[in-house]
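User: Please take me through the charged contacts and the surface of this model. Keep it brisk.

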Amino acid sequence: MDYRISPFANIWQDGIFNVPVALVDKYLKMTSEYQLKALLLVLRNNGQATSAQIAKALGQTSDGVDELLEFWIDEGVLCTDNGTVQNTDSPAQIKKSEPAPEKPNPVKKAISAPRLSPKDVVSILRDDEGLRFLLTEAQSVLGRTISHSEQEMMINMVNYYGLNPEIVLMILEFYRAQKLKGKSIGISHVNSMAKAWAEEGIDTIAQAEEKLKEIERTDRLWNEIVAMTGISHKRPTVNQRKMVAQWFEDFDITMISLACDIMKENTSEPKLTYINAVLKNWKSQGIKTPADAANQQEQKQQSKNKGSNDGKLKSKPSYDLEKIKRDAMNNTDI
């Protein structure tokens, strides 16, 4: 489809101002939305504007605006009261004469990605065609312009977490699909997934596809747990997803349902930690069926009754409620 500016549209009534051709030809793909907006405001105001004016128009802080415009200063497009400033101290500056640093091996422990300024992002994108492709495709997947923080996040997924751009796009496709299903999922979940995948060593498309199948399976298992327990949160955390998957590896649905019933009888509100403690207790004692649980409970009752001095029944279930309560209270990993 061809598009043309309507020469008689109302948009022309307030006048026009000059925009350099290079702004589109050279910078459109590598700069962020707010870097472009900030420069347009300067051009709109006869080529000069204060940080406060731009900050008010963009809903940013003055410091944030100064950071956005630092890139244009380094490019020689803007200058300050003190003249044009060239800053080459940015850690993200990559000279073409130097080889690009090797991507780190997939991380195996807790990691914290570096912060990247808008100038850092532009500098990195200028010398990395793969990352430029990733951010362009990311906008197509999300159906919108991506923010600076999202650019920073995706660059770190590749350069710091060590994921391939194709795998990052698969994560974004998963995120979009979840949103279309009406799931309450934020963009931060994309970063959490990337971090978790990097820690697991997922670095091929085949591994990523297998991981997505696993997520689909654990989602079905999670829905069953939600139905049985009545918990209010509908989306599991990474740890909860792993925990529930382990339940279904160790036990069939009958035993898991029984553990849920025990939890309901002994807690005022649904607690996954309680169910987990019951199942771990059963696993350690080799209890695999309701009959096993009933037999052991009967044996424990007999043992307690035999040792009772007052002749009263002092039964205690085989799953040791007091120990389970202590385990559930002390479990902070879920």
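Analyst: Buried means under 20% relative accessible area, exposed over 50%, and partly exposed in between (1.4 Å probe, protein chains only). The model is predicted: local features need pLDDT of at least 70, side-chain atom pairs count only at pLDDT 80 or more, and totals for chains, interfaces and linings use all residues. Residues are numbered from 1 along each chain as its sequence is written, and side-chain values use heavy atoms, with hydrogens and water left out.

User: How many salt bridges are there?

Analyst: A salt bridge here is a side-chain nitrogen of Lys or Arg within 4 Å of a carboxyl oxygen of Asp or Glu. Counted by this rule, the total is 9.

User: Which residue forms a salt bridge with Glu152, and what parts does the pair tie together?

Analyst: The closest N and O atoms of the pair are 2.9 Å apart, and the partner is Arg115. Helices are DSSP runs (H or I, at least four residues), numbered from the N terminus. Glu152 lies in helix 7 (residues 148–159) and Arg115 in the loop between helix 4 (62–74) and helix 5 (118–126), so the tie spans parts 37 residues apart in sequence.

User: Is Glu152 buried or exposed? And is Arg115 buried or exposed?

Analyst: Glu152 has a relative accessible area of 8%, so Glu152 is buried. For Arg115 the value is 70%, so Arg115 is exposed.

User: What is the N to O distance between Glu150 and Arg144?

Analyst: Glu150 is buried at 8% relative accessible area. Arg144 is partly exposed at 34%. Their side chains meet in a salt bridge, N to O, at 2.8 Å.

User: Where do Asp219 and Arg241 sit?

Analyst: Their side chains meet in a salt bridge of 2.8 Å, N to O. This pair links distant parts of the chain, 22 residues apart: Asp219 is in helix 10 (residues 205–229) and Arg241 in helix 11 (residues 238–250). Asp219 and Arg241 are both buried.

User: Which residues do salt bridges with shared partners join into one network?

Analyst: Shared partners are what make the network. Its members are Glu200, Lys211 and Glu214.

User: Where is Gly162, and what separates its C-alpha atom from that of Ile202?

Analyst: Gly162 sits in the loop between helix 7 and helix 8 (165–180). Gly162 is buried, with a relative accessible area of 14%. Gly162 and Ile202 are 40 residues apart along the chain, and their C-alpha atoms are separated by 9.4 Å.

Terms used. Helices (H or I, at least four residues) and strands (E, at least two) are DSSP runs, numbered from the N terminus.
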